Amino acid sequence: MGVCIPEKYGGVGMDYNTLAIICEELERGDTAFRTAVSVHTGLNSMTLLQWGTEEQKQKYLVTQAKGEKIGAFGLTEPNAGSDVAAMETTAVKDGDDYLLNGSKTWISLCDVADHFLTFAKTDLGAKHKGISCFIVERSFPGVSTKAIKGKLGIRAGNTGEVFYVRVPSENMLGYEGEGFKIAMAALDNGRFTVAAGACGTIMASLEASVKYCEERKTFGKEIGRNQLVQQMIAKMYANLEISRLLVFKAGWLKNRGKRNTQETSLAKWISCDAAYEAANDAVQIHGAYGFSNEFPVERYLRNAKAPVIYEGTREIHTIMQGEYWLPRG
Ligand SMILES: Cc1cc2nc3c(=O)[nH]c(=O)nc-3n(C[C@H](O)[C@H](O)[C@H](O)COP(=O)(O)OP(=O)(O)OC[C@H]3O[C@@H](n4cnc5c(N)ncnc54)[C@H](O)[C@@H]3O)c2cc1C
């Protein structure tokens with residue numbers, strides 16, 4: 001839970017590409033496990049490390065890095081997902097506190113988290129620059145959560161709504177108006193873990209498919225002897241290597257403290273699309289059996305959809321890549 005967090009803050013002080021390998025292996029088991037690390041470590045703890053005061057780090061980061069407390073990240077709202085600046089939650093100063101009025105939705109780990117990093121408008125007229133970030137404890141007055149039922153995938157993970165009320169002023173992370181910058185920096189880390197995790201879905205799809213190719217026979221031979229089936233296997237492996245290399249390049253930049261938003265976005269976009277394609281082809285290779293929960297591939301396919309949506313949809317990452325080459329004037 002504290003892979004990239006220095007030992008002095010309760011972590012193990014390892015590098016980004018170690019985090020990537022851990023995320024890949026976790027998602028090879030189930031996407032929900034990797035999602036927990038993405039949210040707790042990538043979006044919350046690493047943001048506290050970058051933006052927290054020494055006091056905030058001692059109070060919140062240490063217990064999170066040791067895995068004693070769980071962190072979540074509340075950015076999305078019922079009427080604001082991709083368009084972060086459209087958020088409607090407000091934070092108004094009230095004595096020594098801020099009163100937060102609004103709610104967040106689709107928040108991973110909402111029912112189990114002890115601490116939430118959350119975002120609210122402190123200046124309604126200032127769009128991106130009017131957003132501030134707060135550390136909210138579950139025990140603060142008025143905080144409540146409610147799970148979303150009936151999800152397509154990531155069913156081993158908890159996702160839902162969070163409602164906030166009163167937060168002490170000293171729990172602001174960064175300065176007033178810095179929330180958008182903090183959220184984008186958090187996403188640079190979260191997206192990296194999502195991209196790395198997607199490699200695990202590709203690997204799991206490949207492994208399950210190869211096994212089935214050797215077991216299942218049609219027309220007197222194993223289905224893996226058919227070139228059209230081999231084509232799907234070959235594509236999975238090619239995409240696994242492409243995705244890993246994009247992830248490791250982003251990790252290499254991060255380890256050196258270099259800018260990596262473009263590279264991380266590319267890794268997230270390409271690897272999540274590739275994971276969805278691999279899981280879809282794995283179901284195809286399994287024929288009708290792939291359409292049942294007798295084999296794990298139907299779960300891979302259901303789970304592979306959410307990462308194409310969260311931490312920047314496929315469309316948002318496509319636009320980001322286009323705009324690096326065609327910047328607005
Ligand atoms: C399982 C799961 C877990 C999640 N966990 C968290 C969490 O822990 N914390 C959190 O804050 N959020 C979380 N989310 C929310 C997630 O980050 C949002 O769903 C995501 O940002 C997209 O927002 P939206 O769903 O409101 O879609 P919208 O922004 O409404 O977009 C709808 C569609 O329109 C497209 N679109 C939007 N704008 C454009 C554009 N300019 N150009 C082209 N297409 C566009 C989108 O790509 C998408 O296809 C989670 C979501 C899921 C499914």
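Start by selecting Ala86, which counts as partly exposed at 29% relative accessibility. Here buried means under 20% relative accessible area, exposed over 50%, and partly exposed in between, with a 1.4 Å probe and protein chains only. Ala86 lies in the loop between β1 (71–74) and β2 (90–94). Strands are DSSP runs of E with at least two residues, helices are runs of H or I with at least four, and both are numbered from the N terminus.

You are looking at a predicted model, in which local features need pLDDT of at least 70, side-chain atom pairs count only at pLDDT 80 or more, and totals for chains, interfaces and linings use all residues. Residues are numbered from 1 along each chain as its sequence is written, and side-chain values use heavy atoms, with hydrogens and water left out.

**On to the ligand**

Show the ligand and the 16 residues around it, of which Thr76, Ser82, Trp106, Thr313 and Glu315 come nearest. A residue counts as near a molecule or strand if one of its heavy atoms lies within 4 Å of it.

- Thr76: an N or O atom in its side chain is 2.7 Å from a nitrogen atom of the ligand.
- Thr313: an N or O atom in its side chain is 2.6 Å from an oxygen atom of the ligand.
- Leu75: a polar backbone atom is 2.9 Å from an oxygen atom of the ligand.

How much of the ligand does the protein bury? Taken alone, the ligand exposes 970 Å², and the protein buries 63% of that. Accessible areas here come from the Shrake-Rupley method with a 1.4 Å probe; for residues, only the protein chains shown count as cover.

Colour β4 (103–108), α7 (297–309) and α8 (314–325) next: these are the elements that give two or more residues to the shell around the ligand. β4 gives the most, with three residues.

**Two loops with positive phi**

Follow β4 into the loop between β4 and β5 (115–121), and select Leu109 there. Its phi is near 70°, a positive value in a residue other than glycine. Leu109 is buried, with a relative accessible area of 13%.

Then move to the loop between β5 and β6 (131–137), where you will find Lys127. Lys127 is not a glycine either, yet has a positive phi of about 45°. At 59% relative accessibility, Lys127 counts as exposed. For background, most residues other than glycine have a negative phi.

**A helix stop**

Select Gln64 in helix α3 (residues 54–65). Is Gln64 buried or exposed? Gln64 is buried, with a relative accessible area of 1%.

**Last stop: the cysteines**

With a disulfide taken as a pair of cysteine sulfur atoms within 2.5 Å, the count comes to zero. Select Cys133 and Cys110: the sulfur of Cys110 is the nearest cysteine sulfur to Cys133, at 18 Å. Cys133 is buried, with a relative accessible area of 0%. Finish with Cys272, whose nearest cysteine sulfur, that of Cys199, is 8.9 Å away. Cys272 also counts as buried, at 2% relative accessibility.

Methods
Polar contact = N/O pair within 3.5 Å; in protein donor to acceptor, adjacent residues only side chain to side chain.
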